[in-house]
Amino acid sequence: MPSTLKTATQFFALRTLVRGYALLGDPYAGVMASPPDRDPYPMYEKVRAKGDMVRSRMGAYVTPSREICDSVLRDNRFITATFDEASMVPITLVKDGEKIVNPVQDSFLMMNPPTHTRLRKLVQPFFTPRALKDRTESIQKIVTQYLDRLDDRFDVVSEFASQVPIQVIADLLGVPDDHKDVFARWGSSLAETLDGVWSHKQLKNLHATIIEYNDFIDGLMDERRRNPKDDIVSHLVTQHEDLSREDLVATTGLLLFAGFETTVNLISNGVLKAFENPHTIAPLAQSPEYAEGFVEEVLRLDPPVQYTIRWPKERLELAGVSLPKGMPVMLMLAAANRDPRVFTDPLKFDPTRSNAREHLAFSAGIHYCIGAGLSRIEGSLALHELFKRFPNLGADGPVTRRRSKLIRGALRLPVRANETKRSLAVKSS
């Protein structure tokens, strides 16, 4: 059987299996089979009602507990799940007989110590509090720059929420201005497959995207070797010549992708939360400090990353459950952020909540998001300045959600500057 046909057959069989288990109420299958336009939170609460560790018929456990999620993320006996393991269909991307570097799968995000530690340390200096403080003024200028381009009617995602973080991360990496327009397309293609590849069409799109990305990064690294500048790519190719091409391409790609994909969704989710809670708009526009709390509450109540998966590398006990080596545990981060044992009145959107930062939107432990500080600065500045500029901003059409169960955010969010009351319809693309 040809490999493409074999893979397509595997996709069809897996999709059928997952949907069947989802219809039977299986928690793991329910998450994986959930349509992108459906509110996932009622389903998470059904899982919570079954307990802290819920067994799936698909050979995994699911937990909505904030305490358990946090403990697993900090426990070095658990390792990260790989792309192939998450999708359950072996995937090999090649070009001319050689492996293509996946900017997510092959990066330190999916690695474990000591390799993870070594690669993360290479870029950590660019994300320290001091380094981020030095970049705040430039981020403010970028936010203002894109606000100045907006008319009375615009799409929040394509014209603002994606443009700001793309510009910020492009400047940080040293990406030429004429290449930034493709970032959003690459990001959407990768985001749709982070929770697994479920069709042959998705696989083809992923393959094309990653080939295009590899060619771009190879060219950028060659240019920075010849003409180094004050950016991350120049730092990696000139100061760490012992790095393999795969590590260089994957590390740069991870920062490029993660550097804007999470923030795009944070901003769009923040706009939606403001529309749903209009009493928060005035203080959001008036106070930068309130905007910081607003962002934390968005991250808690509607995080861009909904879940992650960890695997025990040895037999162990977790919350009274004996886990064999390799038993997947789905950590429902979005559900953990609504754990009533940690957050009082957890379904209420409250930007003044004192413990909102106890959310797990940026993970925890050694895999805590390296760009969390940068995302917080961008999110709070973008939302504060957006509603300061347009205090009467309102929805101007249906919201289109991203086609992903893992990444939650808007793909299209049309708004009108002079409207205060419009219904929010949500559809899938």
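**Reading helix packing, burial and contacts**

Visitor: At what angle do helix α7 (residues 129–147) and helix α9 (residues 163–173) pack, and how far apart are their axes?

Guide: The angle between α7 and α9 is about 140 degrees, and their axes are 9 Å apart. Axes are lines fitted to C-alpha atoms, for helices over the stretch in contact, with angles from 0 to 180 degrees between N-to-C directions. This is a predicted model, in which local features need pLDDT of at least 70 and side-chain atom pairs count only at pLDDT 80 or more, while totals for chains, interfaces and linings use all residues. Residues are numbered from 1 along each chain as its sequence is written, and side-chain values use heavy atoms, with hydrogens and water left out.

Visitor: How are α7 and α9 oriented to each other?

Guide: Angles under 35 degrees count as roughly parallel, over 145 as roughly antiparallel, 65 to 115 as roughly perpendicular and the rest as oblique. α7 and α9 are therefore oblique.

Visitor: Which residues of α7 and α9 meet?

Guide: A contact requires heavy atoms within 4.5 Å. From α7 come Arg135, Ile139, Ile142, Val143 and Tyr146, and from α9 come Gln163, Val164, Gln167, Val168, Asp171 and Leu172. By class, the contact of α7 with α9 has seven nonpolar, two polar and two charged residues. Ala, Val, Leu, Ile, Met, Phe, Trp, Tyr, Cys and Pro are nonpolar, Asp, Glu, Lys and Arg charged, and the others, Gly among them, polar.

Visitor: How do helix α6 (residues 115–123) and helix α13 (residues 245–276) cross?

Guide: The axes of α6 and α13 come within 11 Å and cross at roughly 60 degrees. That makes α6 and α13 oblique to each other, and α6 passes α13 in a right-handed crossing. Arg118, Leu119 and Val123 of α6 make the contact with Asp247, Thr251 and Leu255 of α13. The contact of α6 with α13 divides into three nonpolar, one polar and two charged residues.

Visitor: How many helices and strands does the protein have?

Guide: The protein has 17 helices and 15 strands. Helices (H or I, at least four residues) and strands (E, at least two) are DSSP runs, numbered from the N terminus.

Visitor: How much of the protein is buried?

Guide: Buried means under 20% relative accessible area, exposed over 50%, and partly exposed in between, for a 1.4 Å probe and protein chains only. Of the 429 residues in the protein, 56% are buried. As for contacts with a separation of 6 or more, 74% join residues 24 or more positions apart.

Visitor: Why is α4 described as largely enclosed by the rest of the structure?

Guide: Six of the eight residues of α4 are buried, so α4 is largely enclosed by the rest of the structure. The buried residues are Arg66, Ile68, Cys69, Asp70, Val72 and Leu73. They pack against β2 (60–63), β3, β7 (308–312), β8 (316–318), β10 (329–331) and α16 (333–336). Asp70, in helix α4 (residues 66–73), has a relative accessible area of 14% and is therefore buried. Not counting residues up to four places away in sequence, Asp70 touches Leu360 and Ala364.

Visitor: Where does Met53 lie?

Guide: Met53 is in the loop between α3 and β1 (54–56), and a relative accessible area of 14% makes Met53 buried. Beyond four places in sequence, Met53 touches Tyr61, Val62, Thr63, Ile68, Leu318, Ala319, Val321 and Leu323. Ile68 is 15 residues from Met53 along the chain, with 8.7 Å between the C-alpha atoms.

Visitor: Is Ile79 buried or partly exposed?

Guide: Ile79, in strand β3 (residues 78–80), is partly exposed, at 27% relative accessible area. The C-alpha atoms of Ile79 and Asn112 are separated by 6.5 Å, at 33 residues apart along the chain.

Visitor: How many aromatic pairs does the structure hold?

Guide: It holds seven. Rings of Phe, Tyr and Trp (its six-membered ring) pair if their centres lie within 6.5 Å; planes under 30 degrees apart are stacked, over 60 edge-to-face and the rest tilted. Tyr41 and Tyr44 form an edge-to-face pair, 5.5 Å centre to centre with 90 degrees between the planes. Both lie in helix α3 (residues 41–50), three residues apart, about one turn of the helix. Tyr41 is buried at 6% relative accessible area, and Tyr44 is buried at 4%. Trp186, Tyr213 and Phe216 form one aromatic cluster.

Terms used: A crossing is left-handed if the near helix is turned anticlockwise from the far one by less than a right angle, and right-handed if clockwise.
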